[in-house]
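Please read this briefing alongside the sequence and the model.

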Amino acid sequence: MKTFYTHARIFRNGGFETGRLVVEEGRVVADGDPQPGDRVVDLGGLSLVPGLVDVHVHLREPGFPQKETIASGTAAAAAGGYTTVCSMPNLNPAPDTVEHLGEQLAIIRRDAAVRVVPYGTITLGQRGCGELADFAALAPYVVGFSDDGRGVQSGALMEEAMRRAAAVGKPIVAHCEVDDLLRGGYIHEGTYCREHGHRGISSESEWRQVERDIALAERTGCQYHVCHVSTKESVALVREAKARGLRVSCETGPHYLLLCDEQLQEEGRFKMNPPLRSRADREALLEGIADGTIEVVATDHAPHTAEEKSRGLAGSAMGIVGLETAFPLLYKYLVCEGVIGFDRLMALMSANPRRIFGLGGGVEPGQEADFTVLDLDARYEIDPAAFRSKGRATPFAGWEVQGRAVLTVVGGREVFDVMPQMR
């Protein structure tokens, strides 16, 4: 049986074309005419795009199901229009061996609503120091290697990690943070920090390690990706590395593109790592997505319990959720306001992460049928109480947004569907 998604605005080759998409046995197939027994879904002129991809998501399981589970996190991903997410290794046990990774893979097979591709750790125990994980054994099962949440402090250890990653054809995906430069900080070292008596995190704590790692990537030939870039210096370093032809890429998050430290409030929902930076940093990030220096937007979806996020800026856990808010925020405040075009947003949220990380799916014949149907005219307020994620902490609560996923299809399976509500 085939399914015909008709009367769609299909996003292909950088623009929309009116037509239909045909799916059979989980893949997109060439167009044809429906036969008896085939299913026809009339999309009524809605927009059909290749499924969104988030390469930086914390699903918290195994180890921390009170914060999030693979079931709840991937339900949130599907509702946000994501068909593939890459899960970070801040888990218990950390995925530093095939045996430990196997616990996560078993839950993914049982509970995941969308495709979940995990990271392996760089170091044993994800400590950012000590011994390296077994890259060769983990490589067939992971998208790359990361110690997200910790920077690898030793340059010699990171160089060896890059050599091992290059040998197995996987990227190093780095949380860049120099521990000696943190000095107990928890928000950006800027005007708000000084005026309100907080401890600041310097920009140098990020960009200094980016600088080191780019030099190591050049020496080793490793594919290198920088997590959640937040400073203007990091953007400049990546831009220069790309100009020299290095295999270097980076991501930033919606919150760094839309907020700066001038908008901080004394609430845990404004606390994340890296922190919201200065207006100048935000402007540099916007320039970076416009000129292609920053090729990926990732949410760094990092759920915590309500109690963990209730202790203000100083005492709350670091991390906010973002899977259910990323697209409508960026569509409203970047595309609708003319900062970037829709084609660039799709590159940042779908095409580029697929290309950089070797992920499949899409809307072309022969590809696995991973796509999202969007209602680009939908206007509403962000309401954390309606989230499918267990996490509720977002600095965007109450923001007016536009655009939402109404149907998410993964391998031909409809994993999220609010279309009946629209009919």
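Ser316 is buried, with a relative accessible area of 4%, where buried means under 20% relative accessible area, exposed over 50% and partly exposed in between, computed with a 1.4 Å probe on protein chains only. This is a predicted model, in which local features need pLDDT of at least 70 and side-chain atom pairs count only at pLDDT 80 or more, while totals for chains, interfaces and linings use all residues. Residues are numbered from 1 along each chain as its sequence is written, and side-chain values use heavy atoms, with hydrogens and water left out.

- Ser316 lies in the loop between helix H10 (312-315) and helix H11; helices (H or I, at least four residues) and strands (E, at least two) are DSSP runs, numbered from the N terminus.
- Leaving aside neighbours within four places in sequence, Ser316 is in contact (heavy atoms within 4.5 Å) with Gly268, Lys271, Glu308, Lys309, Ser310 and Arg311.
- Ser316 and Arg279 are 37 residues apart along the chain, and their C-alpha atoms are separated by 24 Å.
- Phe387, in the loop between strand S15 (371-381) and strand S16 (400-410), is buried with a relative accessible area of 10%.
- When residues up to four places away in sequence are not counted, Phe387 touches Val321, Glu324, Thr325, Ile382, Arg392 and Thr394.
- From C-alpha to C-alpha, Phe387 is 37 Å from Ala165, and the two are 222 residues apart in sequence.
- Thr69, which lies in the loop between strand S6 and helix H1 (70-79), counts as buried at 14% relative accessibility.
- The residues that Thr69 touches, not counting those up to four places away in sequence, are Leu59, Glu61 and Lys390.

**The sheet of three strands**

- Strands of a sheet pair through backbone hydrogen bonds, either parallel or antiparallel.
- An open sheet of three strands runs in the order S6-S7-S8 with parallel pairing, two strands being paired if DSSP finds at least two bridges between them.
- Strand S6 (52-57) and strand S8 (115-118) stand at the edges with a single partner strand each, so one side of each is left without a neighbour in the sheet.
- On average, and with direction ignored, neighbouring strands of this sheet are turned by 20° against each other; axes are lines fitted to C-alpha atoms, for helices over the stretch in contact, and angles run from 0 to 180 degrees between N-to-C directions.
- Strand S7 (residues 82-87) pairs with S8 in the parallel sense over four bridges, and Val85 has Val116 in S8 as its bridge partner.

**The sheet of four strands**

- Four strands form an open sheet in the order S9-S12-S13-S14, and the pairing is parallel.
- Strand S9 (172-174) and strand S14 (296-297) are at the edges, each with a single partner strand, so one side of each is left without a neighbour in the sheet.
- Helix H4 (residues 155-168) packs on this sheet, where it touches S9 and S12, and its direction makes about 140° with that of S9.
- Five of the five residues of strand S13 (residues 248-252) are buried, so S13 is largely enclosed by the rest of the structure.
- Val248, Cys250 and Thr252 point one way from S13, whereas Ser249 and Glu251 point the other way, and all are buried.
- Strand S12 (residues 224-226) pairs with S13 in the parallel sense over three bridges, with Tyr224 opposite Val248.
- S13 also pairs with S14 in the parallel sense, over two bridges, and the bridge partner of Glu251 in S14 is Val296.

**Cavities**

- The structure holds two cavities of 30 Å³ or more; on a 1 Å grid over the protein atoms alone, a cavity is a set of points where a 1.4 Å probe fits but cannot get out, and lining residues have an atom within 4 Å of a point.
- About 70 Å³ of space lies in the largest cavity, a volume being the space filled by probe spheres set on the points, with grid points joined across faces, edges and corners.
- Of the 13 residues that line the largest cavity, His175, Cys176, Glu177, Glu206 and Pro274 are the closest to its centre.
- The second largest cavity has about 50 Å³ of space, and among the residues that line it are Val321 and Thr325.
- Helix H8 (254-258) and helix H11 (326-335) are the elements that give two or more residues to the lining of the second largest cavity.

Definitions and conventions: On a 1 Å grid over the protein atoms alone, a cavity is a set of points where a 1.4 Å probe fits but cannot get out, and a pocket is an open set with protein on both sides within 12 Å along at least five of seven lines; lining residues have an atom within 4 Å of a point.
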